[in-house]
Amino acid sequence: MEIELSEKKGILIFRLRGSIISPGVKEVSETVEEALAVSSSPPRLLFDFKEVVGIDSSGLGALMSIYSRIHPHRGKMAVINVNKRVKNLIVMARLITVFKSFESEEAAVTALLQHPRQDET
């Protein structure tokens, strides 16, 4: 598992490569934690799955844990470039509403920068 971190308009972008499976899941969690420690609030995270070949339940659990950590701080999280196999797992785990999926980085960045409506708080 490889992770490349960049930032665009205050949004932390994590470009993942390989499989998000145990034991490599710990690396994802630690990288996100380190980035959040120096990031502005509310956190805005974008995960690029373009080079992800697989994910297991521990990988989904790690992403859910990250979401649970940022959500109380009005954080947002999105994914892009999710292949069909990984998307099917996210749908089967009923996490598709948690991990907003976008077709492009630009669309995701635009959505993550929007202020939440009152009924989303």
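Visitor: Which residue has its backbone oxygen 2.8 Å from a polar atom of the side chain of Arg44?

Guide: This is a predicted model, and in it Arg44 belongs to strand β3, which covers residues 44–55. Arg44 touches several residues beyond its sequence neighbours, among them Gly10, Ile11, Arg74 and Gln114. The backbone oxygen that lies 2.8 Å from a polar atom of its side chain belongs to Leu112.

Visitor: Is Arg44 buried or exposed?

Guide: The relative accessible area of Arg44 is 11%, and the limit for calling a residue buried is under 20%. Because 11% falls under that limit, Arg44 counts as buried.

Visitor: Which residue in β4 does Arg44 stand opposite?

Guide: Strand β3, where Arg44 lies, pairs with strand β4 (residues 76–80) in the parallel sense, over five bridges. Within β4, the residue that stands opposite Arg44 is Lys76.

Visitor: Which strands stand at the edges of the sheet?

Guide: The sheet is open and has five strands in the order β1-β2-β3-β4-β5, with mixed pairing. Two strands, at residues 2–8 and 100–102, each have a single partner strand, so one side of each is left without a neighbour in the sheet. These edge strands are β1 and β5.

Visitor: By how many degrees are neighbouring strands of this sheet turned against each other on average, and what angle does the direction of helix α1 make with that of β2?

Guide: With direction ignored, neighbouring strands of the sheet are turned against each other by 25 degrees on average. Helix α1, made of residues 25–37, packs on this sheet and touches β1, β2 and β3. The direction of α1 makes an angle with that of β2 of about 170 degrees.

Visitor: How many residues apart in sequence are the parts that the aromatic pair ties together?

Guide: The structure holds one aromatic pair, formed by Phe14 and Phe47, whose rings are stacked at 5.1 Å centre to centre with 15 degrees between the planes.

Visitor: With which residue does Glu105 form a salt bridge?

Guide: Glu105 is found in helix α4, residues 105–113, and touches Lys8, Ile13, Arg15, Leu46 and Ile80, leaving aside residues up to four places away in sequence. In its salt bridge the closest N and O atoms are 3.0 Å apart, and the pair links helix α4 to strand β2, 90 residues apart. The partner of Glu105 in this salt bridge is Arg15.

Visitor: How far apart are the closest N and O atoms in the salt bridge between Arg69 and Glu33?

Guide: Arg69 lies in helix α2 (residues 57–70) and Glu33 in helix α1, so this pair ties together parts that are 36 residues apart in sequence. Arg69 counts as partly exposed at 38% relative accessibility, and Glu33 counts as partly exposed at 38%. The closest N and O atoms of the pair lie apart by 3.5 Å.

Visitor: Which residue caps the N-terminal end of helix α3?

Guide: Helix α3 covers residues 84–92, and it is followed by Arg94, whose phi is positive, near 60 degrees. At the N-terminal end, a side-chain oxygen of the capping residue lies 3.1 Å from the backbone nitrogen of Arg85. The residue that provides this cap is Asn83.

Definitions and conventions: Residues are numbered from 1 along each chain as its sequence is written. This is a predicted model: local features need pLDDT of at least 70, side-chain atom pairs count only at pLDDT 80 or more; totals for chains, interfaces and linings use all residues. Side-chain values use heavy atoms; hydrogens and water are left out. A polar contact is a pair of N or O atoms within 3.5 Å; within protein, one must be able to donate a hydrogen and the other to accept it, and residues adjacent in sequence count only if both atoms are side-chain atoms. Helices (H or I, at least four residues) and strands (E, at least two) are DSSP runs, numbered from the N terminus. Buried means under 20% relative accessible area, exposed over 50%, partly exposed in between (1.4 Å probe, protein chains only). Contact means heavy atoms within 4.5 Å. Rings of Phe, Tyr and Trp (its six-membered ring) pair if their centres lie within 6.5 Å; planes under 30 degrees apart count as stacked, over 60 as edge-to-face and the rest as tilted. Two strands pair if DSSP finds at least two bridges between them. Axes are lines fitted to C-alpha atoms, for helices over the stretch in contact, and angles run from 0 to 180 degrees between N-to-C directions. A salt bridge is a side-chain nitrogen of Lys or Arg within 4 Å of a carboxyl oxygen of Asp or Glu.
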